[in-house]
Amino acid sequence: MNNNNNAFQYNLRVYYEDTDAGGIVYYANYLKFAERARTEWLRHLGINQSFFLEQSLGFVVRKVEMDNRASAKLDDLLTITTTISNLKKASLVFDQVIQNQHGDVLCNVSVLVASVNLQRAKPCAIPEQILGALSSAR
């Protein structure tokens, strides 16, 4: 994770639906939480994913690395901190840290996302307006 002043933070509460019968967050839900944080960051930067989908441009997850270090529990307030560690012409890497309200690191996630022309199902360059917004957020 980058120590970066441009990191984006997103908060969410753990609900009953996020947990197993013991009140512990199911591991796959950390990926959902991380996805929400990335989406909210893009929205914060003025990047409307719906608009780009209409243009047949999408961002697809190519690779995920996840390190589950501790468990979140029912009613915890989580903070997901997101930074970009690598930005290329057609891809980028988001690094994310999920912490509980006590500051304990629960999960580290690194996500390689590729820009894809959805009609052709082929990689394509990230549009300049998105690239510029992401570059300034680094």
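Three salt bridges are counted in this predicted model, a salt bridge being a side-chain nitrogen of Lys or Arg within 4 Å of a carboxyl oxygen of Asp or Glu. Residues are numbered from 1 along each chain as its sequence is written, and side-chain values use heavy atoms, without hydrogens or water. Because the model is predicted, local features need pLDDT of at least 70 and side-chain atom pairs count only at pLDDT 80 or more, while totals for chains, interfaces and linings use all residues; pLDDT is the predictor's confidence in each residue, from 0 to 100.

Let me begin with helix H1. Helices are DSSP runs of H or I with at least four residues, strands are runs of E with at least two, and both are numbered from the N terminus. Within H1, which spans residues 29–44, Arg-38 and Glu-35 lie three residues apart, about one turn. Their side chains form a salt bridge at 2.4 Å, N to O. Arg-38 is buried at 7% relative accessibility, whereas Glu-35 is partly exposed at 36%. Here buried means under 20% relative accessible area, exposed over 50%, and partly exposed in between, with a 1.4 Å probe and protein chains only.

Arg-43 and Glu-40 are also three residues apart in H1, and their side chains meet at 2.6 Å, N to O. Arg-43 is exposed at 53%; Glu-40 is partly exposed at 26%.

I turn to Glu-65 and Lys-63, whose closest N and O atoms are 3.3 Å apart. Glu-65 is partly exposed at 46%, as is Lys-63 at 45%.

Finally, confidence: the chain's mean pLDDT is 93, with 96% of residues reaching 70 or more.
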